[in-house]
Amino acid sequence: MRVINLSTTSDASFIEQVKKESGQDPAECYQCGNCTAGCPYTEFFDYPVSMIMRLIQAGQKDTVLNSKAIWLCATCETCTTRCPCEVDVAHVMDTLRNIAYREGRYTEKDIKTFYEAFLTSLKNNGRIYELGILMGYKAKTLHLLADADLGPNVLVKRLIHFQPNKIEGRDEVQRIFKRFAEKRDNEKRDNQKRDHHG
Amino acid sequence: MKVGVFICHCGNNIAGTVDVARVAEETRKIPGVAYAINYMYTCSEPGQDQIKDAIKKYDLDRIVVAACSPRMHELTFRRTVEKAGLNRYYFEMANIREHCSWIGEDRELNTNKAMEAVRAAVAKVMQDKPLYSSSFAVNKRVLVIGGGVAGMQAALDCADGGHEVVLVEKSPSVGGMMARLDKTFPTIDCSICILGPKMVDVAQHDLIKLYAYSEVEEVKGYVGNYQIKIRKKATYVDWTKCTGCGECMEKCPSKDAYDSFNFGVAPTKAINIPFPQAIPKKAKIDPTYCRQFTKGKCGVCAKICPTKAINYEMEDEIVTEEVGAIVVASGYGLLDIEKMGEYGGGRYPDVITAIQYERLLNASGPTSGHIVRPSDHEEPKTVVFVSCCGSRDKSIGVPYCSNFCCMYIAKQAILTKDHMPDSQSYVFYMDIRSPGKGYDEFTRRAQEEYGTKYIRGRVSRIFPKGKKMVVRGADTLLGTTVEIEADLVVLANAVTAAPGAPQLAEKLHISYDTNAFYVESHPKLRPVETNTSGVFLAGCAQGPKDIPASVGQGSAAAAKVLSMLSKDFLENDPAIAQVNQNACVGCLKCVKTCPFQAIVEEELRGGKVVAKVIQTVCAGCGVCTSTCPCGAIQLQHFTDNQLLAEVNALCLS
C-alpha cells in the first residue's frame, strides 16, 4: 500500500472546490459506510463511495478525480437517501465527474463518450434520439457488436425509431446549450485572467 | 450617595481586549462615583477584601462590580457587601466579559462598550432600594415521579433520611426498564436479582407511599410547598382486596391483549399481573381487550376471584398530596423502528428490537429464556445486531448517541453464545463506545472469548430470502459491501425522551431540550438541579444513561433534597412583583397572565378590588409588569424607574 503524506498532498483548495460546487460539506461525513452499503455498484468501483468521501476529506485530488468510481456512479441516489448526515452524496459524485471532465481526466472514456453522445442528441433533436446516441457512441468507441443481441427485441417493442422525433421548441433547447457554453467560456476567461494576475 | 466601582481583569479574559485602567479612569468622572479601581481577580479573597475595605474607608453605600455574568458571581459579591454592612441589593454587576471582552477583538470598541455597561450599572445602583427576604415553612415530604431504578434510589435515599416520600409510577409495577432486562453489563449479573431487593424495600419502607398505575395530573405551589394532584388510573381491580394469586389471569378467556411489559413479544391476558416479581403484585384489567368491556358480557374473573376484588365500575380517582420537593425520574422511550423502513422492523417478524430480545433471553419472559425466531419459533443460529438504529442520525431527528447500546449489544452477543454455543453473532457498529469502568474489556471479551464478529459499518438494507433475513451493510475497514444471511436481526433502536415528557415538564415548569430531555441547571456543576428551585432530576429523563449513572443521579438528587429539607424555613427571593394598591385599577390581567398562579384577587375595605401577589409563589419572571396597563405592578429590583435609569445613562452618554 502507498503511504500518503498528508502534510504535502492534502489539497485544501480541492476540498473547498467540491464544497462550493456541490453545496455539500464533506466534513459532515462521519464514515459510517451506509452509502457504500446501499450502493448497487460497489462491486465495480475501484474506491467505494464512502472512501471517495474520505479521500475528499483528506484532500486527495488526483486519486479522486482519476478514479473510475466517479464515472461508474449511476446517480441512483441510494447513498443520498441513506446518509444519516444528510449529505447529498450522489450530488457530490456528480460534481466530481464534472470537475474531472473539465480537467480532461476521462478514466472511463466510454462512459464519457456516452454522456457526450447523449447530450449531442439532446442538442440536435430537442429530446433524445436513441438510435442516434447508439450510432454516435458505437462509432466513437468501436464497440460495434456490444449489446447487439438486444436489437431485435427493442425493435419489435418499438422502443427504437429510425427517424428522430423532432419536438417543438427545438431551437429553445439549443439556446439553453448555447447559453451554457457562453457561460462556461466566460468563466474560463475570468479564471484565466485571475490566474494571470495572481 | 457614594458609589464604589470595581473593575475586574479576570486574568486576560477581560483585560486581554478591554483597557480596564481606562474604564476605571473614565468611571471616576461619573457623578456619584466616589471610588473606582481595577483589579486582577475581584472574586478572589483579596479582591473581596478590597471591596469591604473601600466601603469602610470611603464610606461607600452602593457597589458596582464590572466583571463576568451575574450568573457566576452575583451571589458572591452580594454576600461581600452584606458582610461590610450594606443591604445586599445595594449591589449591581456590569457584565463586561460575556457581553463584551469575549465577543469582540477590537480593543477600542470593547473598552467603549465596557464603559457604557458600567455607566448603566452605576445609574441603576443609585436607584436601587434595600430589599429583605422573608422566610416560610417547608413541607418536608418528597414527591418522586417514576419508579425505575433512578426514581427508586432517590425515593429510598430520601426515606432513609427520614422524610416521607410519595412515589408515583405510571405503569402497574415499579422496576422500570431495568426490571425487563435479563443480565446487566459488564458483570453479567441478573438484573431482577439486584433490582428485586430495591423494589421490595420500596414496597416495605414505612415512609414510602407508592402510587402505582398513577400519573401526576397537576402541580401547584412553589419550592417547599407544592400541592400535587395525582390521577390513580382505574385498574378495575380493588387492590386492597387483590392478593396477586393470579387465578383471574389463568382463567381469563381474552388471550390476545398487548403485553407492554414484554414489548409485544407475546400476547397476554386482558386481566394480568405484568411479571412474577411485580411490586405491587396486583392484577389490572385492560379494557381494550376485556370481553366484559368490549362485548358487555364475560365476568369470568369476577366469578373466579377468591376475594371478590373485581370491580368493572371502577373509575379514575384524583388524590392530592402536599410535598416540599420533587424528583423527576420519568425515564425514557425507544424509537419506533418503523421509522427505519429500510430495516423492515414491523414488516418482518424476525427483525426485532433489543429490548424484545432481552425479553426472549429472560427466564421469566414469554419463552422462559429460550431464544426463538418470532416467525417459526425455531432457534436462530446466526444473529445479527445492528447498533445505532436511528441514533446519531440527524436525518430522522436523533443527532445524539444513545449512550448504552454498544454495551448491551456486547452483552446480548455474549448471552447468545451462552444460550446457544453453536450460534454465531455479528455486530454492525460505527464506533464502540465503552468508556466506563471495565466496559472496554467487556466488549473485547465479546470478540475474543465469545467469537462475536464485529463489522465496522452501517447497515443499509434488510430483506427476506427464503427463511433467512439478508443484512446488507458496509465493512468500511475492508472497504466494501458485505452481506450476512441471518436467522434473527436485533436492532439497537435509539433512546428517546419518554412519551409525554414535554407535557410533564410544562406541569413542573422545568425546561426541556430539542430532543425533549429535561435540562439541568448546569451541565457540569449542577447536574441534577433544574432552573426551578425544588425540582430535581435523575436518570434518563435528563438524557440517555446506563444503570450506574442513573443510580448515581438518583442518590445525587436525594442528597440535594435532603440538604434542602434540612432547613425548617426557606428564604424567598425579595426580587418579586409588588402591587401598588393605589394605582391598581383591578383589571386583573396580571392574574390571568401569571404563569405561576402567584397573583390573586383581593377585596379591600370599601369594596375596591386589587391584585395581590403571593410572595412565596412569585418567581420574579416579570410577565405581570409588562401586562399591567397602569404600571401598578412592579418587579422589585427591576422597577420601571430602575430600568429607565439604565436606559437614560446609555442614551445620554
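Visitor: How many residues of chain B are in contact with chain A?
Guide: In this predicted model, 17 residues of chain B are in contact with 17 residues of chain A.

Visitor: Which elements of chain B give two or more residues to that side?
Guide: Those are β22 (459-465), β23 (468-475) and β24 (480-486) of chain B.

Visitor: And how do the residues on that side divide into nonpolar, polar and charged?
Guide: On the side of chain B that touches chain A, three are nonpolar, eight are polar and six are charged.

Visitor: What confidence values come with the model?
Guide: The predictor gives the complex an ipTM of 0.84 and a pTM of 0.87. For chain B the mean pLDDT is 96, and 100% of its residues reach 70 or more.

Visitor: New topic. Which residues touch the most other members of the largest nonpolar core?
Guide: Ala155(B), Ile326(B), Val327(B) and Val489(B) do, in a core of 138 residues. Helix α13 (residues 405-419) of chain B supplies the largest share of this core, nine residues.

Visitor: What does Val489(B) touch, leaving out residues up to four places away in sequence?
Guide: Val489(B) touches Asp350(B), Val351(B), Val384(B), Val386(B), Ile462(B), Met469(B) and Val471(B).

Visitor: Now strand β4 of chain B, residues 91-95. How many of its residues are buried?
Guide: Five of its five residues are buried. Phe91(B), Met93(B) and Asn95(B) point one way, while Glu92(B) and Ala94(B) point the other way.

Visitor: What does β3(B) do with β4(B)?
Guide: Strand β3 (residues 62-67) of chain B pairs with β4(B) in the parallel sense, over five bridges. Within that pairing, Ala67(B) stands opposite Asn95(B). The chain gets from β3(B) to β4(B) through helix α4 (residues 70-83) of chain B, a right-handed β-α-β crossover.

Visitor: Last one. Do β30(B) and β31(B) run parallel or antiparallel?
Guide: Antiparallel: five bridges join β30 (residues 599-603) to β31 (residues 609-613) of chain B. Val600(B) stands opposite Lys612(B).

Visitor: How many residues lie between the strands of that hairpin?
Guide: Five, and in this hairpin Gly606(B) takes a positive phi near 100°.

Note on methods: Residues are numbered from 1 along each chain as its sequence is written. Chains are lettered from A and ligands numbered from 1 in the order in which they are written. This is a predicted model: local features need pLDDT of at least 70, side-chain atom pairs count only at pLDDT 80 or more; totals for chains, interfaces and linings use all residues. pLDDT is the predictor's confidence in each residue, from 0 to 100. A nonpolar core is a set of buried Ala, Val, Leu, Ile, Met, Phe, Trp, Tyr and Cys residues joined through C-beta atoms within 7 Å. A residue is buried if 20 or more other C-beta atoms lie within 10 Å of its own, exposed if 12 or fewer, and partly exposed in between; C-beta atoms are placed from the backbone. Helices (H or I, at least four residues) and strands (E, at least two) are DSSP runs, numbered from the N terminus. Two residues are in contact if their C-beta atoms, placed from the backbone, lie within 7 Å. Two strands pair if DSSP finds at least two bridges between them. A crossover is right-handed if, with the strands pointing away from the viewer, the path from the first strand over the helix to the second runs clockwise. Ala, Val, Leu, Ile, Met, Phe, Trp, Tyr, Cys and Pro count as nonpolar, Asp, Glu, Lys and Arg as charged, and the others, Gly among them, as polar.
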